[in-house]
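Hi,

Here is the structure I promised to pass on to you. Have a look at it first, and then read on for what turned up.

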Amino acid sequence: MRPGAGGPRRLGEAELGARPGERASLVQFSSAFCQPCRATRRILSEVAAMVEGVAHIEIDAEHRLDLVRALAIEKTPTVLVLDSAGRIVRRAAGMPRKADVIAALGAAV
């Protein structure tokens with residue numbers, strides 16, 4: 001996962017459509033027919049359940065084209081790791097490895 005860049009400086013409940021985690025958020029951009037998105041959903045849900053105060057928020061890219069454009073999301077799945085203030089601290093495209101997600105959370109919490 002690489003450091004976040006571009007797009008809005010902070011993402012909150014209004015942009016995400018869900019309440020962010022108290023310590024960090026794992027934001028997943030998905031699409032309906034994306035097979036790797038299903039596995040990514042499972043991985044991020046497991047990690048969020050392991051770490052107190054971390055939320056997993058999934059966004060349907062087709063329904064949020066405004067946010068997709070603002071954040072320069074080019075493929076699904078794309079995962080953003082947000083800190084407690086909603087700043088993007090890491091981002092990755094493609095299905096992440098669980099160990100990489102856990103390591104990326106270290107930059108956020």
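In what order do the four strands lie in the open sheet? The order is β2-β1-β3-β4, and the pairing is mixed. At the edges sit β2 (54-60) and β4 (88-93), each of which pairs on one side only. From one strand to the next, the twist averages 15 degrees. Please keep in mind as you look that this is a predicted model.

Strand β1 covers residues 24-30 and runs parallel to β2, with seven bridges joining the two. As a reminder, strands of a sheet pair through backbone hydrogen bonds, either parallel or antiparallel.

Now for the helices. Helix α2 (residues 35-50) lies across β1, β2 and β3 (78-83), and its direction is at about 170 degrees to β1. Helix α4 (residues 98-106) also packs on the sheet, where it touches β1, β2, β3 and β4. The angle between the directions of α4 and β1 is about 135 degrees.

Stepping back to the whole protein chain, you will find four helices and four strands. Read from the N terminus on, the elements go α-β-α-β-α-β-β-α.

Which ones form a disulfide? They are C34 and C37, with their sulfur atoms 2.2 Å apart. The count comes to one disulfide. The link of C34 and C37 is right-handed, with 90 degrees about the S-S bond, and both cysteines are buried. In general, a disulfide is a covalent bond between the sulfur atoms of two cysteines.

Finally, some overall numbers. The radius of gyration of the protein chain is 12 Å, which agrees with the value near 13 Å that a compact globule of 109 residues would have. Along the principal axes, the C-alpha atoms fill a box of roughly 30 × 30 × 25 Å. Of the 109 residues, 41% count as buried. The protein chain exposes about 5900 Å², and carbon and sulfur atoms supply 50% of that area. Taking contacts between residues at least 6 apart in sequence, 71% join residues at least 24 apart.

Happy browsing, and do write back with any questions!

Best wishes

How values were computed. Residues numbered from 1 in each chain as written. Predicted model: local features only at pLDDT ≥ 70, side-chain atom pairs only at ≥ 80, totals over all residues. Heavy atoms only, no water. Pairing = 2+ DSSP bridges. Axes fitted to C-alpha atoms, helices over the stretch in contact; angles between N-to-C directions. Contact = heavy atoms within 4.5 Å. Rg over C-alpha atoms; globule rule 2.2 N^0.38 Å. Buried < 20%, exposed > 50% of the residue type's maximum accessible area, 1.4 Å probe, protein only. Areas by Shrake-Rupley, 256 points an atom, 1.4 Å probe, with all protein chains shown as cover. Disulfide = S-S within 2.5 Å.
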